[in-house]
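Hi,

Here is the structure I promised to pass on. Have a look at it first, and then read my notes below.

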Amino acid sequence: MRATQGRTLARKVWDEHVVRSGDGGLDDLLYVDLHLLHEVNTQYAFDDLRAAGRAVRRPDLTLAVEDHNTPTRSLDEVIREPAGRRQSALLRRNCAEFGIPMRKLGDRKQGIVHVIAPEQGLVRPGMTIVCCDSHTTTLGAFGAVAFGIGTGQVEHVLATQTLPARRLKDMAATVRGDLPAGVEAKDLALALVARIGTGGAQGHALEYRGPAITAMSMEARMTLCNMAVEAGSKAGVIGPDETTVRYLRDRPGMPADFAAEVERWLAFRTDDDAEFDTEFVIDASELTPFVSWGTNPAQSLPLAEVVPDPDAFTDERERSAARRALDYMDLRPGTAMRDIKVDSVFVGSCTNGRIEDLRAAAAVLSGRKVADGVHLMIVPGSADVRAQAVTEGLDHVFAEAGADFRVAAGCSMCCGLNDDRLLQGQRAASTSNRNFEGRQGKGSRTHLVSPAVAAATAVAGHLAAPSDL
């Protein structure tokens, strides 16, 4: 059937990169255009390379970044956690030995791997991209097939620039209408995950389509694709268009014959007669700001609603999960989401650490003060993002509001692998992507929100939308 019908965007990219076809349910062997690394869980791949006497096949198509363990208070701060300090030291050693370019803490181009790769012109439509991080799905916003891989797979890509991978099914999320004022890509991402669940897109490439997607900026599209993995999807993709081209035009390393390359890029779109294995539709005009209430991103609902009653769930597994989540989050059914007070607010991460996200937070904070007893931490996703924020005067807005605008870029409080952590029992509104138990520190309680809702929450002292102010 596939031979006579049109193909999806993800299938076109995949087919173009097949080195050897895995017929009979076996894995295809894919060529990898870009291999990204960070300091967590990559040292074993280098140990195995060294033991086997292998070199890195294409160091020029590989880039390593320090981001997960990096301190954010100062460029000169030492990593205090012994395990994190060792991971970063090993990454530096391995990159030097194998000739891999690297963005270290303090470098002018350092930042979160998923933020700096598109910033620096490394991501383009039609590429295959892998990284030892599940949120590599972010880069599918450019019409690339991008996904996370494990440590053993990292070694395979380093040694061969190829990867055995199982073909993906195709899922379409069509978003009709326009997003209302005050509703951001993060709200849409949470609404999508809440609808289909954390495993709803498992084994699929999830393509976001429709007028609401076309109207989004590249930053917003990256936020959406970033959270495709939270629905279980292997990859999230959006068809390239003029918005993609405008973003890429002035990036470093663009081809001399840019117009010809654009023509090729725009061919990576889903054919009109292509069939998806699964499709669902969302009306963007009906969306309002979303917030998570539980301990996975699917446990989210509109900010205007109340904490759900576990007994209202018809599925026993969902009832059990809801009871456990409410116990961990210390919430009672029926509590208005807007009545939930917070200790901390975090704006940053590979989900919402780009300049557009900082602008959204600054627009809410301008002329306002952070509530007493609330710590608002804003961490740029890259050194370039911070520099741009300073150029635009956002640093002054943050300072006047009483926010803690960090000096260095990194994953920060998103993953709890550095000093930016919540204490036991503290509650945060966070623009990151996961609200698992202990994700932001042992015993921490996380509510996922958009940058605008995060800023409004910091001002109000409880979960709030900008319109509440």
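Please keep in mind that this is a predicted model. I started with a pair of helices. Asp357, Ala360, Ala361, Val364 and Leu365 in H13 make contact with Pro451, Ala452, Ala455, Ala456 and Val459 in H16. Sorted by class, that contact has 9 nonpolar residues, no polar ones and 1 charged residue. To find the helices on your screen, look for residues 355-365 for H13 and residues 451-460 for H16. Their axes come within 8 Å of each other and cross at roughly 35°, and the crossing is right-handed.

Next, the open sheet. Four strands lie in the order S11-S10-S9-S12, and their pairing is parallel. The edge positions belong to S11 (235-237) and S12 (278-283); each has a single partner strand, so one side of each has no neighbour in the sheet. From one strand to the next, the twist averages 20°. Within this sheet, S9 (residues 169-176) pairs with S12 over 6 bridges, in the parallel sense, and alanine 173 sits opposite phenylalanine 280 in S12. Helix H6 packs on the sheet, where it touches S9, S10 (204-209) and S12. The direction of H6 makes about 130° with that of S12.

Helix H6 turns up again at the largest pocket. H6 (185-196) and H11 (316-329) are the elements that give two or more residues to the lining of this pocket. The largest share, 4 residues, comes from H11. The pocket has a volume of about 340 Å³ and is lined by 15 residues. Which of the lining residues lie nearest the centre of the pocket? They are Gly197, Asn296, Ala298, Gln299 and Glu318. By class, the lining has 8 nonpolar, 5 polar and 2 charged residues.

Last, some antiparallel pairing that involves strand S2. S1 (residues 18-20) and S2 (residues 28-31) run antiparallel and are joined by 2 bridges. S2 also pairs with S8 (residues 162-165), again in the antiparallel sense, over 4 bridges. As a reminder, strands of a sheet pair through backbone hydrogen bonds, either parallel or antiparallel.

Best wishes

Notes
Residues numbered from 1 in each chain as written. Predicted model: local features only at pLDDT ≥ 70, side-chain atom pairs only at ≥ 80, totals over all residues. Heavy atoms only, no water. Axes fitted to C-alpha atoms, helices over the stretch in contact; angles between N-to-C directions. Left-handed = near helix turned anticlockwise from the far one by under 90°. Contact = heavy atoms within 4.5 Å. Nonpolar A, V, L, I, M, F, W, Y, C, P; charged D, E, K, R; others polar. 1 Å grid on protein atoms, 1.4 Å probe; cavity = no way out; pocket = protein on both sides within 12 Å on 5 of 7 lines; lining within 4 Å. Points joined across faces, edges and corners; volume = space filled by probe spheres on them. Pairing = 2+ DSSP bridges.
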